[in-house]
Amino acid sequence: MLSLPRLRLLREVHRTGSLTAAARALNYTPSAVSQQLKLLERETGTPLLEPVGRGVRLTPAAEGLVGHTERILAHLEEAEADLAATHHEVRGTLHVAAFQSAMLTVAPTVLDALEREHPDLEVTITQREVEAAFEGLLAHEFDLIISEEYLGRPDPFREGVDRVELLRDPLHLALPLEGPWATRPRHLSDLAEAPWALDPADTPTGAWARAVCRQAGFEPRVRVDTLNPLLQVDFVRSGHAVAFVPALLGTRHLNAVRSVELAGAPYRLLSIQVRSGRTRHPAVVACRAAIVEAVAQMSVDTPQWTL
């Protein structure tokens with residue numbers, strides 16, 4: 001019988017594109033991955049990898065084997081879900097990944113609800129940006145992730161992942177209450193000379209923000225380059241920058257700054273994503289329900305001005 005752990009290694013090489021990346025995803029060394037795949041070749045009696053430059057690629061036979069492996073892993077997760085459903089209580093450990101603003105606003109309420117309703121369920125939450133969270137989900141590091149996508153930058157389709165839309169979160173402009181950038185702008189272009197606090201340019205959020213500024217006719221002068229939304233807001237609060245902020249941060253985190261609704265009312269789309277084989281697991285069902293309920297109870301920031 002073929003070794004499932006070795007089949008998983010082959011799947012990871014296919015998914016990540018290299019022995020090194022597969023080793024990193026599953027906490028192996030590249031040499032251990034290579035050795036295990038050679039053993040898998042002996043088990044199958046079929047070449048599975050062929051050299052391409054300094055790397056490798058899967059043979060057609062190996063690609064077919066990966067397809068079977070995906071279905072086997074999905075069936076195993078469905079079996080685990082069926083077994084878990086036989087218990088009277090929701091228990092075990094659930095691994096969740098989310099980006100920072102979701103962790104700041106949604107996660108505490110979700111943990112409160114799950115601790116109250118399912119005390120035997122242990123939940124761990126890891127901060128990851130969206131791409132890294134998806135990598136962890138597909139590598140079975142996480143059971144559930146909260147993702148975000150921006151207009152014009154939709155998430156690519158990922159086979160074997162079940163997606164539930166959670167929230168359309170408005171994106172606002174944040175201005176200080178005092179200083180040269182506190183004046184009400186008529187257009188976004190009025191802030192062409194302002195210092196900005198933005199996410200890095202190589203992130204979906206940062207790319208979206210720069211594209212909005214360019215559409216308004218200027219290149220933003222980035223004073224603060226950070227993924228931390230609270231740090232961005234703090235620089236706005238102190239009068240040293242302006243920024244784009246999600247309404248989901250709410251009045252608690254956006255106090256002492258002025259929110260402005262942007263023209264066209266842009267938003268980011270938040271979703272809950274789970275591997276298809278995991279969707280019926282009681283822990284996943286309970287966590288999904290708690291996230292939906294937490295979002296429904298939240299009060300988002302209301303803009304004071306409109307462009």
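Predicted model: local features only at pLDDT ≥ 70, side-chain atom pairs only at ≥ 80, totals over all residues.
Reader: Let's start with the overall layout. Into which domains is the protein divided?

Author: There are three entries to keep in mind: domain 1 covers 4–83, domain 2 covers 92–167 + 268–301, and domain 3 covers 169–267. For domain 1 and domain 3, the C-alpha centres lie 44 Å apart.

Reader: Where does UniProt place the feature "domain: HTH lysR-type"?

Author: The UniProt record, an unreviewed entry, puts that feature at residues 2–59. In the model this span is 62% helix and 14% strand, and its end C-alpha atoms are 17 Å apart.

Reader: Now the cysteines. How many disulfides does the structure hold?

Author: The general idea is that a disulfide is a covalent bond between the sulfur atoms of two cysteines. Here the structure holds zero disulfides.

Reader: Is Cys213 buried or exposed?

Author: Cys213 counts as buried because its relative accessibility is 0%. Cys287 is buried too, since its relative accessible area is 2%, under the 20% cut-off. Keep Cys287 in mind, as it returns in a cavity lining.

Reader: Which helix gives the most to the lining of the largest pocket?

Author: That is helix 4, with seven residues. Helix 1 (4–16), helix 4 (60–85) and helix 7 (130–138) each supply at least two residues of this lining. Seen by domain, the lining takes at least three residues from each of domain 1 and domain 2. By class, the lining of the largest pocket has 10 charged, six polar and six nonpolar residues.

Reader: How do the residues lining the second largest pocket divide by class?

Author: The second largest pocket has a volume of about 270 Å³. Its lining consists of 14 residues, with Leu188, Val212, Gln215, Leu262 and Ala263 closest to its centre. By class, this lining has 10 nonpolar, two polar and two charged residues.

Reader: And the cavities: how many of 30 Å³ or more does the structure hold?

Author: The structure holds two cavities of 30 Å³ or more. The largest cavity contains about 260 Å³ of space and is lined by 21 residues, with Tyr150, Asp199, Thr205, Pro229 and Pro246 nearest its centre. Among the elements that give two or more residues to this lining are strand 5 (144–150), helix 8 (204–215) and helix 9 (229–237).

Reader: Which domains each give at least three residues to the lining of the largest cavity?

Author: Domain 2 and domain 3 do. By class, the lining of the largest cavity has 13 nonpolar, four polar and four charged residues.

Notes: Residues numbered from 1 in each chain as written. Heavy atoms only, no water. UniProt positions renumbered as here; feature names shortened; annotations may be inferred. Helix = DSSP H or I, 4+ residues; strand = E, 2+ residues; numbered from the N terminus. Domains from an automatic or database assignment. Disulfide = S-S within 2.5 Å. Buried < 20%, exposed > 50% of the residue type's maximum accessible area, 1.4 Å probe, protein only. Nonpolar A, V, L, I, M, F, W, Y, C, P; charged D, E, K, R; others polar. 1 Å grid on protein atoms, 1.4 Å probe; cavity = no way out; pocket = protein on both sides within 12 Å on 5 of 7 lines; lining within 4 Å. Points joined across faces, edges and corners; volume = space filled by probe spheres on them.
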